[in-house]
Amino acid sequence: MGGGLFTQSNPEDRRVVPDEPGDRQIFKVVYVVLESQYQSSLSTACKRINAGQEKVAVECSGYILEELRDPANFEQFKKDVADANIFIGSLIFELADKVVEAVEPYRETMDAVCVFPSMPAVMRLNKIGSFTMASMGQSKNVMLDFMKKNKPSGTSFQDGMLKLVRTLPKVLKFLPGDKAKDARSFMMSLQYWLGGSPENIEALLLNLASTYVFESDLLTGEVVEPPTVIPDQGIWHPVAPRVFETNEEYIQWLRNEHAPTIGVDPNKAPVIGVVLQKSHINTKDDAHYVALIMEIEANGGLVLPIYTGSLDFSKPIEDYFFLNGRSVVDTTINLTGFALVGGPATQDHPKAIATLKKLNRPYLCAVPATFQTFEEWKDSELGLHPVQVALQVALPELDGAIEPIIFAGRDGVTGRSIPQSDRIETLAKRAIKWSNLSAKKNADKKVAITVFSFPPDKGNVGTAAYLNVFGSIFEALKTMKAEGYDLGAELPTDVEGLVDAVLHDKEASMASPTLNVAYSMSVAEYKELTPYAEDLEENWGPPPGQLNTDGQNLLVYGVRFGNVFIGVQPSFGYEGDPMRLLYAKSASPHHGFAAYYTYIEKVLEADAVLHFGTHGSLEFMPGKQVGMSGGCYPDRLIQSTPNLYYYAANNPSEATIAKRRSYANTISYLTPPAENAGLYKGLKEVGELISSYQGLRESRGASIVNSIVATARTCNLDKDVDLPSEDFDTAELTLDERDIIVGKVYSKIMEIESRLLPCGLHTVGVPPTAEEAIATLVNIASIDRPEDEIDGLPRILARSVGRDIEDIYRSANAGNLDDNLLSENIKEAIRAAVRASVERSTDAAGRVTEVNPMMASLGAVLGGGSPMLSALKKQGFDKVQDPDLEKLFGYLEFCLKQVVADNEMGALIEGLNGEYTLPGPGGDPIRNPLVLPTGKNMHALDPQAIPTIAACDCAKVMVDRLLERQVAEEGEYPESIAFVLWGTDNIKTYGESLAQVLWMVGVRPLPDSLGRVNQIEAIPLEELGRPRVDVVVTCSGVFRDLFINQMNLLDRAVKLVAELDEPLDQNFVRKHALEQAEEFGVSVRDAATRVFSNAAGSYSANVGLAIENGGWEGEQQLQEQFTSRKGFAFNADRPGILDDKADMFKSSLKKVDVTFQNLDSSEISLTDVSHYFDSDPTKVVGSLRTDGKKPSSFVADTTTANGQVRTLSETVRLDARTKLLNPKFYEGMLKSGYEGTREITKRLRNTMGWSATAGAVDNFVYEDANDVFIADEEMQKRLLETNPNAFRDMVTTFLEANGRGYWETSEENLDRLRQLYAEVDDKIEGL
Amino acid sequence: MTTAAALVTLGLAFTAPASRLAPPRVSSARMMCAAVMPETPPALESDCGFDHVPLSIALQSGDFLEADQITRDALIKLAGDSAVSRGYVYFAEVPNLPEADLATIERLWLAYSGGKFGYSVQVKALQSKKVNNNLEKLFDKIGWRNEKGQLLRWLPEKANNEFIYELDAAPEGHLPLTNTLRGQQLITALFKHPVWARDEFQ
């Protein structure tokens, strides 16, 4: 296996030398192509020349572009080029610099250089006689105008070139013969190339050789035949007598001639549209196409296969997939692997989406593995080559493509495309099932709705981030019923009834030990229907095993209503097993898990499965990262069932995993609108005291300040603000000094008050109320959008009072009372203005049904200006003018429309109808309102586009603040900082945390000419102005899956810096790498290993699972899990594998002074999910450091315009105060009943996670939580009634926190908890 | 015209020289592996006047490599002109392959291999309890896969051809080869042909 490089195919296999050169004149050809399909045409052409020519012979060496990454291959390539006569290159959009580096020095001495569509730098190498492209800009060259007009954007570059090929012969007629000759030669060569067959390539080579190498006619026979070509685009079927150029003709042939011979009824069979590349057809490298077409036809489908030679595949779709304006295909499969419009160059996604929306059918984009050989893909744990993932998985996703199935690959020896039979079968069956959705009547369709249970416990059935799952399912069922689905006679009439039906009886359910059993599968049936069952025995023993079983049979939990099944996805099964949690690679699914999906596919025979909410575990089962094989568990489990997946709009990264690994078509749902956390209890009192201080600061200032200080102390604010000691009388202070104290407390209070808090849970298909829309718009209005040249309202208002907003923030942070007040006033004014703007669109029911123009009657109304303006004036901002507001509120109007438009339920019904789901970005609707309206098939971003320049700017600010704070506290720069990188964060922020790492080591990322960030340069120390700080980067498994190219960038940056000859006190990366090189006996470059993640196909440190389960032994276990599971290093020098480098990981962590994480959105904060503490290395570092010192821990909070760097403890306190302890939060949750109680318990557990991994939780947090939820009897009762299982878990968590030494409290409290535990437990167990 | 179809499994497509379709040179210099000699030569029947003599000669002389090639070429020709110009058999053409000719081909293979080679041998293996109609398992059983689990390569240069053409050395059912380069529908259709169910092949 490839030693870590991605492709090990050998260019030597491609070398052609004449067997018997005799005294023939030899010319030498070197080629580099992206498309391996040219390889066999070129080889055959050369062999034909050598067999057929009497006076000349050819020697040829060829390279597949990707092979140039291997240094040995690259050296050989340079040698080959050095004595070549002719160079040919095609589609070089990657590695352009390498090709130029090798070819440029010999360009002059070569006889001809022919480069077909590629990066401009490579195109400029072209040289055919006098024809060049290097002289662009000076001569009146035909190509010149073409190149100028066709800057590589959209598809115009490709298409323009092709158009030119077609029209050029006519143009050339009008040019003087001599001058046009060489240009004509180039264009002829291109035509031969596009023709692609061995005959065409032979003619191309001989033509160039006779004219430019030998400059005389030495050729045997008639060689300069005109290129033989098939039409630029058409409909091609392997059995058809010819290529068709209209679909009427093809359909006639298909229905009348072909369908009968394959035994298919054309009136009933689904029609699968297939998009092909012309170059595979004209080079006859079509075995993989033929295989899929046969497979579809053998499965009872008809095929409409279209091709084009251009890279705009939307054109043949427009031309051939419609008849009389209606779609004639039921599903489309793009077999090119490219984005629909633009191929490997530059894409035009809106154009692609417009075509696909018009077609309105599922759009699958299957991938031929072209950057690695077939064997390499099969053997690789990573699966598909990352460059190809970026090009042929991530970019098609932006078009709304689903199901990136690797259907074919390249044979290592011949370069021919070969199909993978089992993948072809999967693809064909899946396409047919998608097609059935549009053919079948709703009444006949069977749908399996799958809910999750995390952690596996009755109290957690229906877990999903921010989603009221059962409420949403209830709504979905109502809608489906109205659409004609058969839901049987016993559909519950309310949500409670639905919950009961699944849980059996959730209260003294209690009496029934298990969930409702929908199906009981005998072991014999299970084995017969689950071909891979035997493979699970290695981990789980023989079936039925211990999980989801009654000891005899495998049990499928759930309930069936008519044709709709609601089932509970089984758990991973190893949550409580310390050994399994420690495994570097995750265990296979257990028998019960497999039985669940076998039931859906083979027993229920579902037409579609609907996974309900973020997220389950199917897509996290072991297997390749991207590009599943038939041995990967997600593929084995989902089989051929179309997968619709409701996914939270703010989590595009994990949604992407679901799309790629479990073939999900996601439907985004809105997270609840965020409101301000507000103040409560003591904090509220402090707030009120501060208000009264403003009026009375001179008369009664001191006594009020004394009260403020005392109350603040009861709220534990002394942990955050430097308060005078308890018995100190502030009367001894000056007015200014008192102001500072009040200002600082106020600043802290306001930080809590204005923290955004998602309120309650979302129900699918319920658009936000006007109030909720206002909350969202306020946040949108508060952000500057420099890319759209829109200033946020805070900036506008600050400017109107002659201030700079940053200046106000800075001064307020420092405790300046006036600026704290001003800052507050600005916030109030924003709320008032936005409220005024939405008011005219709000109906009597408090909803926005129609958005009216916000600025319409601008200024017209009696000189009063817009309603926003008057709202602002009322708040005291009377210098603002309407023109200042126009741009912002124009934007907000657009946003309001997005906010209230809702297609969540619509997209589900459309998906079940076999229609196309519109794609859209996932992320934070506040940062990127294009995330709205929800109901979209979510995608991440072009992974090569990050980090953006804006992200780099923000990163620099945060890093500088972090270093500033650390230097202020410790007196020196930290030598090393541990980072955690998350997929979603980097999508939302366009790579901010990625850029932070680069800035820390002092490296600047650079884009290439297509804007793809793939280069780096070291920032000189003088410019950096500080030492280079070392890093240890722990990437989440999801980040690794999405951004492996960026891991490459980071590793290159670290290695680059480690190898700089700089003083060690100015370059800590080098300092540490030198030490480690010595310690491990390796090179400095290898010692500079700082980018880590999980093993391929494995996710998380499993610390979260252990904490949720409670069955962990001690912190030592958690730390071992972290270092063994996360200790897999990425190495840019061997990018194909992740090496187990736990030793290097520990050695680097040992040197860490600071641990650091980023927080990018308030709705996924430190205690909302287990991810953050799962990956936090704080205690790990503490135990590894030789001095035993706990590192400083910081969190960068960019959730608000005024970004902050806080300590981890400060952030945990802030989170606890705004959520777990905040009545606004828990009362909001309790409104959602069963799920709400669980959400509260989850926050408490996650809080304890921070005690376990970072020791970052203050005692008062547990104490206060106990007061709120346990000491209050009424609250106790409410929790117990709504969700007894979750309440028991809460009681357990308190006891556990105490038992593990994280919470010291009174015996009274503990007694109460112990007693409660016994009571609840008895009740649940039905005693 | 090519016999690009005549390649097997995950090997590769290749344009074989047209001479492949010519009758075999009986006095081939190839190393032969003695064929089994039946008491009476099998009857050469055809529904369409197809010449089965070349196959018969190749098998008699123990040239199983040649016989294998002739067999695949024969299927293409028997499938009709469009298959010949295409260079391979489309799965939907298989049911229409003339039964008498397939039976003749099978008879010849069985006779000269002592019942070791032949489509019906492969079909029986496929239907065996252990293989249970799973093609992947069949490939293991008839030796089409190497120890690494990869399918063997068929290459026109004999030296690179990984299949076994010696009667003694080859596993049961190893020949004749059927191309799976274009997926498994061709071989699936071929195995479903009713001719293999004839009594004479049981």
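Visitor: What makes strand 14 and strand 15 of chain A a pair?
Guide: Strand 14 (residues 367-373) and strand 15 of chain A are joined by four bridges, in the parallel sense. Strands pair if DSSP finds at least two bridges between them, so these two qualify. A:Val367 stands opposite A:Ile406 in strand 15 of chain A. This is a predicted model: local features need pLDDT of at least 70, side-chain atom pairs count only at pLDDT 80 or more, and totals for chains, interfaces and linings use all residues. Residues are numbered from 1 along each chain as its sequence is written, while chains are lettered from A and ligands numbered from 1 in the order in which they are written.

Visitor: In which sense does strand 15 of chain A run with strand 16 of chain A?
Guide: They are antiparallel, with three bridges. A:Arg410 stands opposite A:Ser417 in strand 16 of chain A. The hairpin of these strands has six residues between them, and A:Gly415 takes a positive phi near 75 degrees.

Visitor: What makes strand 35 and strand 38 of chain A edge strands?
Guide: They belong to an open sheet of eight strands, order 35-34-33-32-29-36-37-38 (chain A), with mixed pairing. Strand 35 (1139-1140) and strand 38 (1204-1207) of chain A each have a single partner strand, so one side of each lacks a neighbour in the sheet. Strand 29 (residues 976-981) and strand 36 (residues 1154-1159) of chain A pair in the parallel sense over three bridges. A:Ala978 has A:Thr1155 as its bridge partner in strand 36 of chain A.

Visitor: How do helix 53 and helix 54 of chain A pack?
Guide: Helix 53 (residues 1284-1299) and helix 54 (residues 1307-1325) of chain A pack at an angle of about 150 degrees, axes 9 Å apart. Axes are lines fitted to C-alpha atoms, for helices over the stretch in contact, and angles run from 0 to 180 degrees between N-to-C directions. The contact includes A:Phe1287 and A:Leu1295 of helix 53 of chain A, and A:Leu1313 and A:Tyr1317 of helix 54 of chain A.

Visitor: What makes the largest nonpolar core a core?
Guide: A nonpolar core is a set of buried Ala, Val, Leu, Ile, Met, Phe, Trp, Tyr and Cys residues joined through C-beta atoms within 7 Å. The largest has 401 residues, and A:Leu777 is one of those with the most contacts inside it. Beyond its neighbours within four places in sequence, A:Leu777 is in contact with residues including A:Val834 and A:Leu892. A second, separate core of 64 residues includes A:Cys46 and A:Phe93.

Visitor: How many residues of chain A are in contact with chain B?
Guide: 21 residues of chain A meet 15 of chain B; contact needs C-beta atoms, placed from the backbone, within 7 Å. Helix 11 of chain A gives the most to that side of chain A, with seven residues.

Visitor: Which elements does chain B have?
Guide: Chain B has seven helices and zero strands. Both are DSSP runs numbered from the N terminus: helices are H or I, at least four residues, and strands are E, at least two. Buried residues make up 48% of the 202 residues in chain B.

Conventions: Buried ≥ 20, exposed ≤ 12 C-beta atoms within 10 Å, placed from the backbone. Contact = placed C-beta atoms within 7 Å.
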